Each structure stands twice: as C-alpha cells, then as structure tokens.
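Hi,

Here is the structure I promised to pass on to you. Have a look at it first, and then read on for what turned up when I went through it.

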Amino acid sequence: RPLNVRLLSVLESNKNIMEEWVVFKRFRNQEEAESTLQILQKNYILYECDTFTDRYFSIEMGDTRAKGFFVKLFPKDFEKARKILQEEAQHLIAQLPEDYYLYTFSAKELVEIVQKPDEWNEIDYELAKELLAEQGISISEAQEKVILAKREAELTKPIAASWQMIV
C-alpha cells in the first residue's frame, strides 16, 4: 500500500488538518477486508487498519485469540467511501448465484444488516435493502442517513468497562 502510506505521510506532516480515525467497517480478518481496501486505495481514500479482540469469544468462550479487523476512515470520507462501495456492490449483485445465503434471511435478519452495515460487506448490505424492498419494506435515503448516523455515533462512543471485561 505504498500510495496510501505516501499520502498519509504528507498529511501527517501537516498535523493541523488531521482528524481522528473512526471505524468504518469491521471484518473477521484482513483477507475479508482486502477488496474494500483495494477499492479505497484505488479511489484515493485514506484508511487505517487495526485489529481487535472479539469480546464475545474472548470473554464468553475464553478464546483470547479471536481477532477481528477494523478499517478506519476520517469521518469526512465516510459518505464518499459508501457511495463508491455501493456502486461496486450493485455491479456484483446481478452476478450472485440463486442460492446465495442472504436469499434465505427473514425480514428481521435483513433489517439487522441494514442497521449494522459496518459488520457486513457491501454486497450483503445492498442486497438486504433490495430484498426488504421486494417485501414491501423500503428504506428511503433519508431513513438510511439516519440509520447510518446513529450507527456511526454508536461506533464512536467509548466502551464502558464492565466487571466481565476487567477479569
């Protein structure tokens, strides 16, 4: 990712224009994130990657090795990145096989995808919206913006420590 590194070093040299990175997407591993990273890089959108421990597996199951992968962006780039990724996904949806797993999801499960797009790939997110519309549950652009803003606020909110996390 030399281009991204070069752009980042130019921005870092001028600290007064830097913003704080915010989680844009979550993936189970870096390999899953690769196509998103390539699209971001191709479109000159700066990103930062980070790993995290999956709290469910580390706390409930005792598996401290369960890691996930964050892709972080500057908040000002969220809308641009979403639009670019949405366009890419729309091209790929038409090529999905008839037995693609999302076709078996209930309306409730599809709504969950729309409410947490950072946890799903763009194809699944866009397809979930299409499948909901086919079931008579359409989501307007205004509603989508509210959902995305709400989710972004959730992701930027500090996580309160609980006694389970301190153990």
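A residue counts as buried when its relative accessible area is under 20%. Lys25 has a relative accessibility of 4%, so this lysine is buried. Please keep in mind throughout that this is a predicted model.

Where does Lys25 lie? Its place is in strand β1, which covers residues 22-27.

Helix α4 (residues 78-93) and helix α6 (residues 122-134) have axes that come within 8 Å and cross at roughly 70°. Angles of 65 to 115 degrees count as roughly perpendicular, and α4 and α6 are therefore roughly perpendicular to each other. On the α4 side, the contact is made by Leu85, Gln86, Ala89, Gln90, Leu92 and Ile93. On the α6 side, Glu122, Ile123, Glu126, Leu127, Lys129 and Glu130 take part. By type, the residues of this contact between α4 and α6 are six nonpolar, two polar and four charged.

One backbone angle may also interest you. Most residues other than glycine have a negative phi. Tyr44, however, has a positive phi, near 55°. This tyrosine sits in the loop between α2 (30-42) and β2 (48-53). Is Tyr44 buried or exposed? With a relative accessible area of 57%, Tyr44 is exposed.

Now for the protein as a whole. Its secondary structure consists of eight helices and three strands. Read from the N terminus, the order of elements is α-β-α-β-α-β-α-α-α-α-α. Of the 167 residues in the protein, 34% are buried. If you take the contacts between residues at least 6 apart in sequence, 69% of them join residues at least 24 apart. The exposed surface comes to about 10900 Å², with carbon and sulfur atoms supplying 53% of it.

Best wishes

Methods: Residues are numbered from 1 along each chain as its sequence is written. This is a predicted model: local features need pLDDT of at least 70, side-chain atom pairs count only at pLDDT 80 or more; totals for chains, interfaces and linings use all residues. Side-chain values use heavy atoms; hydrogens and water are left out. Axes are lines fitted to C-alpha atoms, for helices over the stretch in contact, and angles run from 0 to 180 degrees between N-to-C directions. Helices (H or I, at least four residues) and strands (E, at least two) are DSSP runs, numbered from the N terminus. Angles under 35 degrees count as roughly parallel, over 145 as roughly antiparallel, 65 to 115 as roughly perpendicular and the rest as oblique. Contact means heavy atoms within 4.5 Å. Ala, Val, Leu, Ile, Met, Phe, Trp, Tyr, Cys and Pro count as nonpolar, Asp, Glu, Lys and Arg as charged, and the others, Gly among them, as polar. Buried means under 20% relative accessible area, exposed over 50%, partly exposed in between (1.4 Å probe, protein chains only). Accessible areas come from the Shrake-Rupley method with a 1.4 Å probe; for residues, only the protein chains shown count as cover.
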